[in-house]
Amino acid sequence: MIQIQPDLADRGVRLSDVKPGCSAEVLHIDERSGLFRRLGDLGIRSGTRLYVERISLFGDPAAYRVIPEDGARRHTGTVIALRREDAQALTVRLISDAGRELRPASVKAEKRKKVGAAWD
Amino acid sequence: MGLTRRSSGRGAEDRARNPVPEGGILWAMVGNPNVGKSSLFNSLTGLHQHTGNWTGKTVGCSVGAVRTHTRKRQRIAGDGKTGREAPLYLADLPGCYSLIPKAAEEEAALRFLRTQPLHGAVVVCDAGCLERCLLLCFQLAELLPRDRIILCVNLIDELEADGYTVNTEALRKASGFSAVTASAKTGRGIPELLRMIREASASDTEPVTAAGADVTPGSEFAGQASACRAACVERLPSDSAAVRRAEKSGWRERLDALIMGKRTAMPVAAVFLFLILWLTIRGANIPSQYLADLLDQVELLLKRLPLWERLPAWVSGILIDGVFHTSAAVVSVMLPPMAVFFPLFTLLEDFGFLPRIAFNFDRCFHACRTCGKQALTMCMGFGCNAAGVTGCRIIDSPRERTVAVLTNSLVPCNGKFPTILLLCAVCLAYMRGDGAAGSPWTESLLSSLMAAGVIVICCAVTLGLSAALSATVLKGEPSSFLLELPPYRKPVIRQVLVRSLLDRTLFVLARAVSVAAPMGAVIWLLSHVVAADGRSLLEIGCTLLDPVGEVLCLDGAILIALILSLPANELTVPILLMLYGAQTQTVDAQTMSCLFQTASSSDLSAWTCLSFLFLFVFHIPCSTTLITVYRETGRVRYVLWAAGLPLSVGILLCLLCKGLSVIL
C-alpha cells in the first residue's frame, strides 16, 4: 500500500497530471471549461472518483474510468477520453486504494502507481 | 457507418416530419448514446436500423411500427376488451447526454420531443451506467408527465455478467418511473416492455407535446440519481453462474492493452487494415469471376431473344449493350468485394473497435486543430462518403464539423474500393513488365499492401488538408473534446451477416445499379450518335480531352470515364471498358492491362496506371455526397470546396507522376 503524504493528498492537483494506474477524486470542475456541463451530464461532479486507465499512443488524450460509488470492480461503466487541456479543468485529489479493487494489478501497473504518487 | 435506406435515402427527412398515420400511438425512445436504443428499436419493430458500438451512430430520427406478430401476442396476453388495438409506432431518437442540447444530434432529438405529439417515452438506460441515464430521465420528466415515461434498463446481461443486477421494483419506488430490465440482444424483457407501453397508452389516449417547459441541467439531479442507483443495484449471489464467469474474464483489459498500448497500437491497426483488404481481395476474386461469366451468358441469352427482330436495332442496343452491359459490369465488379468488406467492417464496428482507433489517433487530429471524432467520420466515409458527411453531426464545434465535412471525401468509399483494388493489381502487373501473373497468393498480398498504402496516403492527405483548412479558411483553435470508450460487446454474428449483406450490400448495389442503368443508355447513345465526320460523340470527346490527359499522364478516355461516373464512382471501370471497346465484363488485372496496351492510342505505362489510380481516388465526390454536403452545411461555397479539394490533390499527384515519368 502506498502512503501519500497527507499535505500532498489534500492539496488539489490537475487531473491531467495524474499518472495512469492512479485513482483520484474530483474536488472541483472549472466552470469556464467547455466540458463543464457535459461532464455533469455524464455524472462526473465533485466527489466522483476517476481511475486513469491509460494514456494514448502519442501521449494525449488519456482514458478515465468512472469508479462506481460502491467502488466495485466492473467491466461495465463509463470510460471517457479527455485531452490534456480539458483534463486540466478538473482539480482532483489522489486516493491511494480505489484502483486496487478496480483492476487486476499487474507488476507494471504497480510500478507506475509508485511513480505516479510522486508527481512533480 | 449508418448506411441504410433510411439514413441516406431521399425520404429520410420527410418521414421524420410526419411520422405516424391518423389514430396511431407514438412513443419516443430517448437515451444516452450507445446504450442500445437502435438494437432495441430493431427487435421491437423489425426495422433494419443499423447498429454499432459507438457514440453518435444514429444521426436522424427514424420511426417504425411495432411488428404485428408481437402485437398479436400482446392481444392474447391482455387488453382483451378492445380486440383491435391502435397501431403502435416507435421513434428512435439520436442519443443525447442531456436535454439542454449542445450537439446537433441532441438538438434533433429535442426538436422531435418538442414538436411531435407523443403518447409517451421510453428512456433506454445502460444498466452499467444507470446513474447518468437517470439524470436524463429526470430531465425528461420536466417535459412529460411521469406516468408517460418508462425506464428500460437495457444491457442487463452485461451487468449480470459483472455480478450485479437491477431490482426494478426498488427502482420504481425510488425514482417514480415504471421500470423494466431488458436485453435487446437476447430479447429478454421485450414483451414486458411492450405490455407496459400498451398499458400506459391505453389509460390515457390523448397525446402530449413536450413544448414550453424549461429544462434543468442534469447535474442538479445528481443526488436523486445516485440515491436511485444505490437503492436498486443489487449484488447477485456469488455462486451464480454469471458471477463465476465474470471472475475469469480479464480479456477486456488484455485486449485494451493490445489495441491501445503504446507499442502495440500501431502494428495492430496496420495489421487490421491489411487483413481486411487482403481478405476482401482474396475472397472476392473467385466469385467475381464466376459472376462475370454468368452475366456474360445471360447477355448472350438475352441477345438471342426473338423479340429484338421485331424492334429497331437501337432498342436492343440501348437495352442490352447499354443498360444491361453496364449494370452487369457494376454488379460483377462491386458485389463480391462488398459482400466480404461490409460484414468484416460491421463486426469491428459492433465490437467497439472504432472509438479506440479515434482514441489512438486523436493526437494527430489535435495537432491539425480538429476534433478526434473526425477519425470516426473518416471510418464512416470508408463505407459511404454521404453517410460520413451526415455522420459529422457527432462533432459539436461548427468549425471542426465543417472541416470534417469538407475533407470526408478524401477517403475512398466502398464504391471506389473494388476499382482501387483492381487498379493496384493492374499497376503491379505493369511493374512486373510482361503482365504474367505470379501465384495468386503473392498477387493478392502485394495488391492488398499497395491498397493499404493508398489508404494511408488518403488518411495523410486528409490530415494535411484539415490542418491547412484550420490554419487558413476555417481558422480557429480546437474545442474541448470528450470521447466515450464503450465496453467491448460481442457482436451477434448471424445478425451482422444478415444485416450487412442484405441492408448495406444490397442497398449500395441497388443504388449503384439504379444509377448505372440510365447511364448505360446515355453512354451507348453517346458512343453511337455519329457526328458529320463519322466519329461518335464519345470519340470526339476523347480526342478533345487527350491533350489534357497527356499533361496529367493519362488519356482522354480515362478522363471521360471519370467525368461520366460523377453519379456513382462504381461506373468508372465499366465506362472505360466500353470506351476501349471490350466485349466482356471480366475485369481482372490481366484483361485491364491488356486493354490498356492494345486499345489506347497513347503510350500507356505503369505511370499512367498510377496516376489513374491517384486521380480516381482523389476526384470530385459522387453527386449524392455533394448534395449531402449542401444539406449539411447549407452553403454552395462549401460544396465547391468539397469538390475542389480532392480534385486539386488528384491533379497535383498526377502532375507529380508525369514529372517522375519524364525524369526517370
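Q: What makes the charged end of B:Arg356 sit over the ring of B:Tyr488?
A: In this predicted model, the charged end of B:Arg356 is 4.0 Å from the centre of the B:Tyr488 ring. The cut-off is within 6 Å of the ring centre and within 35 degrees of the ring normal, so the charge is said to sit over the ring.

Q: Which ring does the charged end of B:Arg235 sit over?
A: The ring of B:Tyr164, with 5.0 Å to its centre.

Q: How many aromatic pairs does the structure hold over all chains?
A: There are six.

Q: Why is the pair of A:Phe58 and B:Phe361 called tilted?
A: The ring centres are 6.3 Å apart and the planes stand at 55°. Rings pair if their centres lie within 6.5 Å. Planes under 30 degrees apart count as stacked and over 60 as edge-to-face.

Q: Why does the pair of A:Phe58 and B:Phe361 join two chains?
A: A:Phe58 lies in the loop between β3 and β4 of chain A, and B:Phe361 in helix α15 of chain B, so two chains are joined.

Q: Is B:Phe361 buried or exposed?
A: Its relative accessibility is 18%. Buried means under 20%, so B:Phe361 counts as buried. A:Phe58, at 37%, is partly exposed.

Q: What makes B:Phe272 and B:Phe353 a tilted pair?
A: The distance is 4.5 Å centre to centre, with 40° between the planes.

Q: Which parts does the pair of B:Phe272 and B:Phe353 tie together?
A: B:Phe272 lies in helix α13 of chain B and B:Phe353 in the loop between α14 and α15 of chain B, so the pair ties together parts 81 residues apart in sequence. B:Phe353 is buried at 5%, whereas B:Phe272 is partly exposed at 28%.

Q: What links B:Phe138, B:Phe177 and B:Phe221 into a cluster?
A: Ring pairs do.

Q: Why is strand β4 of chain A called mostly covered?
A: Six of its six residues are buried. A:Ala62, A:Tyr64 and A:Val66 point one way, while A:Ala63, A:Arg65 and A:Ile67 point the other way. In a regular strand, side chains alternate between the two faces of the sheet.

Q: How do you know that β3(A) and β4(A) pair?
A: They share six bridges in the antiparallel sense. At least two bridges are needed, so the strands pair. A:Leu50 stands opposite A:Val66.

Conventions
Residues are numbered from 1 along each chain as its sequence is written. Chains are lettered from A and ligands numbered from 1 in the order in which they are written. This is a predicted model: local features need pLDDT of at least 70, side-chain atom pairs count only at pLDDT 80 or more; totals for chains, interfaces and linings use all residues. Side-chain values use heavy atoms; hydrogens and water are left out. Buried means under 20% relative accessible area, exposed over 50%, partly exposed in between (1.4 Å probe, protein chains only). Helices (H or I, at least four residues) and strands (E, at least two) are DSSP runs, numbered from the N terminus.
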